[in-house]
Structure formats: structure tokens, C-alpha cells
Amino acid sequence: VFGGPGSQEMQGVVLGDLGLVAVGKDGTVWTSTDGVVWERVPADEPLAGAAHLGVVAGGPGLVVVGADWSGGDEDAAVWTSADGLSWERVPHDEAVFGGPGSQEMAAVAVGGPGLVAVGFDWSGGDEDAAVWASVDGLTWERVTDDGSIFGGDGTQTMLGLAVVEGLGLV
């Protein structure tokens, strides 16, 4: 269940309608009803090549954010599933998910307009934090910034976020 060629790594886990769903390196998905006994979901082409994944219960059921290398460079990417067993990639929009250099979503949470994802954009010569928002998990927009909030000299990256009662997203 946990072995196999290459590196096996769970990168995010969430409680869905059918139990626990974990996502990992190279788009591997595991499910469990109790957290003790796990099953590996057969490889699903839409998640093949996915990397650095975060998962949340929201949108059409479950939403996974991360990155995809299939276009030649690293672009942010989103996948959705009603049940954690079969996945569909949200269509790539270069203006939202791509651009020169690397873009990656590292984490996602329910909040704000519906869902908020954070990560980085390495298109301006250095790594700047980046934020995306979605009302439904299917349609995303990149939060615009002139560099004064998410950018600056050196590296800025958001790798996680949480909803804190009374504070909202942090």
C-alpha cells in the first residue's frame, strides 16, 4: 500500500464523505475509513505528474492544489474529485496558473470567497509569495499584487495557511 518504485510521500490528508483521503508525490492517492487501514487508489491519469500537493474538502467535494510539469515548466494546478477516487484537472489558464518561470500552489483552505490557495511565483527573477482564490474550486483567479505585499528582495513563499476562529485566514 505504501511502497513502490521511487519516493512515496503523503503530502496532504483530508476527511471527505467516504473517509480519509491522502494525496502525495506523483499524484498518488490513498484512502482510509479509520486512519489505520489504508488502500492505494489505482493510478489516475489526471493526477499523474502532480507535485507538492495540498488538499481540502470543498468545492465539488475535494480540491487538490499543487504544481504540474507537463507543460515544460512548473505551473500551478488544481484537481477536483467528488469522492477521492477519480480526479479531474481544472483546465489550465496560463494567466491564472502559469507564466514564465515556476508557479506552485502549496496549500489550500476553505475561507474568504470559498477557497484560498497559497504558494509562490518565480517569474520576476526571485521567488515571491502568491495567492489564488476560488468561489467553487473550479474557477480560480490570481490575487494581484504590485510586489509590495507578496514580493520584495529575497525569497517570499507561503507554504501553509489556516482558518483561525475570529481572525479568518492566516
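View 1. A pocket is an open set of points, on a 1 Å grid over the protein atoms alone, where a 1.4 Å probe fits, with protein on both sides within 12 Å along at least five of seven lines; its lining residues have an atom within 4 Å of a point. The model is predicted: local features need pLDDT of at least 70 and side-chain atom pairs count only at pLDDT 80 or more, whereas totals for chains, interfaces and linings use all residues. Residues are numbered from 1 along each chain as its sequence is written, and side-chain values use heavy atoms, with hydrogens and water left out. The largest pocket holds about 180 Å³ of space, a volume being the space filled by probe spheres set on the points. Its lining comprises 16 residues, with D121, D128, A129, R142 and D145 nearest the centre.

View 2. Strands 5 and 6 (residues 61–68) are joined by seven bridges, and G58 lies opposite G61 of strand 6.

**View 3. Two nonpolar cores.** Each core is a set of buried (under 20% relative accessible area, 1.4 Å probe, protein chains only) Ala, Val, Leu, Ile, Met, Phe, Trp, Tyr and Cys residues joined through side-chain atoms within 4.5 Å. In the largest, of 15 residues, V65, V78, F97, M105, W132 and W140 touch the most other members. A second, separate core has 14 residues, including V14, V29, V41 and L62.

How values were computed. Two strands pair if DSSP finds at least two bridges between them. Helices (H or I, at least four residues) and strands (E, at least two) are DSSP runs, numbered from the N terminus. Buried means under 20% relative accessible area, exposed over 50%, partly exposed in between (1.4 Å probe, protein chains only).
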